[in-house]
Amino acid sequence: MSVSLAKNLTDKSLADEGFLDQLAWNEKMAELGQLAVGMVHELNTPLSVIVSAIQLILREEELSPSVKEMVERIEMEAQRLSLFTKGVLSFARKEDAPVGETDVNQVLQEVICFLKYEAQKRPISVVEDLDFRLPPIVADANRMKQIFINLIMNAFQAMDGGGSLLLRSSLIDDGLISVQIADTGSGIPKHMLNSIFEPFYTTKKTGTGTGLGLFITKKLVETFSGTISVETSEGEGTCFTLTFPVI
Ligand SMILES: Nc1ncnc2c1ncn2[C@@H]1O[C@H](COP(=O)(O)OP(=O)(O)OP(=O)(O)O)[C@@H](O)[C@H]1O
Ligand SMILES: [Mg+2]
């Protein structure tokens with residue numbers, strides 16, 4: 001056997017080995033994914049019960065203001081978890097999104113109202129620059145909510161000492177709308193930009209971030225034929241831009 005042929009064969013078997021390793025790894029990740037989806041599914045049902053029970057408690061008239069405030073806080077966090085589990089499940093199930101017509105401005109306003117406590121506690125001022133002539137887009141409002149919650153929570157978490165959040169919607173041209181979510185937070189270092197949309201990539205302390213937020217967000221945006229991009233400057237802030245085709 002010639003030296004070059006032998007080398008070729010060795011290179012090939014090494015390449016095959018690498019390929020097999022990759023396959024085994026992919027299989028492992030798929031199993032892990034199924035396990036994770038199973039766990040999220042198990043969490044989803046009790047969470048829905050918790051949210052309904054909290055809503056019943058909130059209907060009680062004799063709650064003292066401090067108890068009411070605490071229960072509202074619990075409701076908000078439980079809602080957030082419940083939306084997260086629904087987001088993971090709808091992504092995993094590959095349900096036939098998109099469904100229905102969605103008013104993006106309305107969804108943005110609902111999300112900001114839902115997260116107002118998170119803004120107040122830092123404190124963060126929220127500036128809305130919404131174009132109300134925006135036509136509806138083909139999307140599922142709940143998944144759209146999930147997209148905005150993930151991006152806005154990231155922005156809030158990047159501004160723990162306070163700051164300002166800008167929400168802007170606009171009609172780019174006849175066929176496309178854009179939504180921008182811009183913060184005055186920490187910014188994202190350049191070397192991290194390639195990783196932020198990867199699953200489980202997080203810079204947050206254990207227990208505070210799973211690193212799935214942007215991964216799921218990007219997948220959901222793509223199910224509505226949209227795009228997501230990011231501009232950032234360390235120490236100055238970050239702006240995520242989404243575009244969606246109009247109906
Ligand atoms: N607006 C932002 N400003 C600064 N860094 C950001 C911003 N958005 C995302 N990042 C960075 O990207 C990483 C990945 O974000 P992602 O939302 O996927 O995960 P996470 O926020 O860490 O956890 P999770 O969303 O699952 O709770 C974050 O840990 C953070 O380092
Ligand atoms: Mg996040």
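Here are some friendly notes on the predicted model above, point by point.

1. Ground rules. Residues count from 1 along each chain as its sequence is written, and chains are lettered from A and ligands numbered from 1 in the order in which they are written. Since this is a predicted model, local features need pLDDT of at least 70 and side-chain atom pairs count only at pLDDT 80 or more, while totals for chains, interfaces and linings use all residues.

2. Overall layout. The protein chain holds six helices and seven strands, taken as DSSP runs numbered from the N terminus (helices are H or I with at least four residues, strands E with at least two). Their order along the sequence is α-α-β-α-α-β-β-α-β-β-α-β-β. Buried residues make up 21% of the 247 in the protein chain; buried stands for 20 or more other C-beta atoms within 10 Å of a residue's own, exposed for 12 or fewer, and partly exposed for anything in between, with C-beta atoms placed from the backbone. Among contacts with a separation of 6 or more, 75% link residues 24 or more positions apart, where a contact has the two C-beta atoms, placed from the backbone, within 7 Å.

3. Helix H5. Twelve of its 17 residues are buried, so H5 is largely enclosed by the rest of the structure; among them are Phe148, Leu151, Ile152 and Ala155. From first C-alpha to last, H5 reaches 24 Å, close to the 24 Å expected (1.5 Å times one less than the number of residues).

4. Helix H3. In residues 104-114, the buried positions are Val104, Val107, Leu108 and Val111. These residues lie on the same side of H3 because they cover an arc of only 100° around the axis, the arc being that of the directions from the helix axis to the C-beta atoms. Their cover includes H5 (141-157), strand S2 (124-130), strand S4 (163-173) and strand S5 (176-183).

5. The core. The largest nonpolar core has 33 residues, and those with the most contacts inside it include Val104, Phe148 and Ile181; such a core is a set of buried Ala, Val, Leu, Ile, Met, Phe, Trp, Tyr and Cys residues joined through C-beta atoms within 7 Å. Elements that give two or more residues to this core include helix H2 (65-93), helix H6 (213-223) and strand S7 (237-245), while H5 gives the most, with eight residues. At least three residues come from each of domain 1 (3-93) and domain 2 (101-245), with bounds from an automatic or database domain assignment. Ile181 touches Leu151, Ile152, Ala155, Leu167 and Phe240, not counting residues up to four places away in sequence.

6. Strand pairing. S4 pairs with S2 in the parallel sense over seven bridges and with S5 in the antiparallel sense over eight bridges; pairing requires that DSSP finds at least two bridges between the strands. Ile124 has Gly163 in S4 as its bridge partner, and Leu166 stands opposite Ala182 in S5. The hairpin from S4 to S5 runs through two residues.

7. Backbone spots worth a look. The peptide bond from Arg122 to Pro123 is cis, with omega near -5°, and Pro123 sits in the loop between helix H4 (116-120) and S2. Phe200, in the loop between S5 and H6, has a positive phi near 70° without being a glycine, and with 10 C-beta neighbours inside 10 Å it counts as exposed. Ser225 likewise has a positive phi, about 55°; Ser225 is partly exposed, with 14 other C-beta atoms within 10 Å.
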